[in-house]
Amino acid sequence: MRRAVLIGIDQYPPGNELSGCVNDITSLKDVIELNEDGTENFKVVLMPNVSSKNEAMLEIKALFSGAGDMSLLYFSGHGYVNDTDAELAFPDGIHNNDYYKGIKMSDIMNIVHKSKVKNKIIILDCCHSGSLGKFHINHDESLIGEGVSVLCACKDSEFAMESNGQGMFTVQLCNALKGGAADYCGNITIGGIYAFIDRVFGPKQQRPTFKTNVTEFSPVRRVIPKVPVSIIRLLPSLFPNMNDEFKLDPSYEESNIAGNENSIMPYASPVNTSTFKSLQKLESIGFVEPTDEEHMYYAAMKNKSCHLTQIGKYYWNLAKTNQI
């Protein structure tokens, strides 16, 4: 089971109101509920303008209960750091503009560390969220438990900015989940999401932070890859060894048929042209390139070859070892 709790709060007491947090969770829900192919991804609990920290804590405890595959907690609202801890602020905890009665990050992490859920993700879009990632637990425990990832919108000294009615960080988070952070198989991991967002924000803007303790990244969402995975899996059969070259000739080019101008022997063969289409698709994503020619067409027509690029060799190995 994959579950998510999305908390977004605009309606704080007067003087503390925000404007983009409910929009943030609505946009995120629209992206993560389903994979791009329409299959179910997360069962989402949406919590817009939840006023009580106790109500939110009940959902957080339920989120990390049991032994599911992935649980994701997202918070958009005020973040606060006091003398004792970093906290997520709730409307019922604001007194005289001081946020002393929010949910402590350390309390959340204690719940997370005891959870039997395989993958636990916390994403925070709030001011000083980098500090919220600096939780403090007993020194006998590891700082971040196994299977835990924490992604924050900014460093501890920075503010999380809003623009056009949404958090700037969450806009890029959604862009990443829509496919911007996908690998060539269509998998979007939390590590890929951070890499995407990190590239988007310039050095003078808010800087996202990321902490994780995982042995492998599981997909947060899947999108339809540009080239079907079934074709990527052909790499070891096309190239028995990763350093091999695939020998081409005119029979691989579909337009090279008898009667066409500039056609030459051997003419197009259905089996070879089908293989060539797969090679061309692999070329389109940078896995294959022609040898000593700029285009695959000329490599075929001039009896040359093609070979794997470095990224092609990487995916060749994944296909060879049945990892895709």
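Contact here means heavy atoms within 4.5 Å. By this criterion, and not counting residues up to four places away in sequence, Gly-102 touches Lys-53, Glu-87, Leu-88 and Ala-89. The structure is a predicted model. Gly-102 lies in the loop between strand S7 (98–99) and strand S8 (103–104). Its relative accessibility is 11%. Buried means under 20%, so Gly-102 falls in that class. The C-alpha atoms of Gly-102 and Gly-79 are separated by 8.8 Å. Along the chain, these two glycines are 23 residues apart.

The protein chain as a whole comes to 11 helices and 18 strands. It has 324 residues, of which 52% count as buried. The chain exposes about 15600 Å². Carbon and sulfur atoms supply 49% of that area.

Helix H9 was examined next. H9 spans residues 270–284 and has 15 residues. From its first C-alpha to its last, H9 reaches 21 Å, close to the 21 Å expected at 1.5 Å a residue. The buried residues of H9 are Asn-272, Thr-273, Phe-276, Ser-278, Leu-279 and Leu-282. An α-helix has 3.6 residues a turn, so residues three or four places apart point the same way. The buried residues of H9 pack against both helices and strands. The helices are H7 (229–232), H8 (235–238) and H10 (296–301). The strands are S16 (245–247), S17 (288–290) and S18 (305–308). Just after H9, Gly-286 takes a positive phi of about 85 degrees.

Two further loop residues lie on either side of strand S13 (187–188). Tyr-184 is found in the loop between helix H5 (168–180) and S13. Tyr-184 counts as partly exposed because its relative accessibility is 34%, between the 20% and 50% limits. Tyr-184, Ile-311 and Tyr-314 form a nonpolar patch on the surface. Together, these three residues have about 280 Å² of accessible area.

Thr-189 lies in the loop between S13 and helix H6 (190–200). Its relative accessible area is 16%, and Thr-189 is therefore buried. Leaving aside neighbours within four places in sequence, Thr-189 is in contact with Phe-217, Ser-218, Pro-219 and Val-220. Thus Thr-189 is buried, whereas Tyr-184 is partly exposed.

Key: Residues are numbered from 1 along each chain as its sequence is written. This is a predicted model: local features need pLDDT of at least 70, side-chain atom pairs count only at pLDDT 80 or more; totals for chains, interfaces and linings use all residues. Side-chain values use heavy atoms; hydrogens and water are left out. Helices (H or I, at least four residues) and strands (E, at least two) are DSSP runs, numbered from the N terminus. The expected span of a helix is 1.5 Å times one less than its number of residues. Buried means under 20% relative accessible area, exposed over 50%, partly exposed in between (1.4 Å probe, protein chains only). Accessible areas come from the Shrake-Rupley method with a 1.4 Å probe; for residues, only the protein chains shown count as cover. Patches are made of residues with over 30% relative accessible area and no salt bridge: like charges are joined within 9 Å, nonpolar side chains (Val, Leu, Ile, Met, Phe, Trp, Tyr) within 5 Å. A salt bridge is a side-chain nitrogen of Lys or Arg within 4 Å of a carboxyl oxygen of Asp or Glu.
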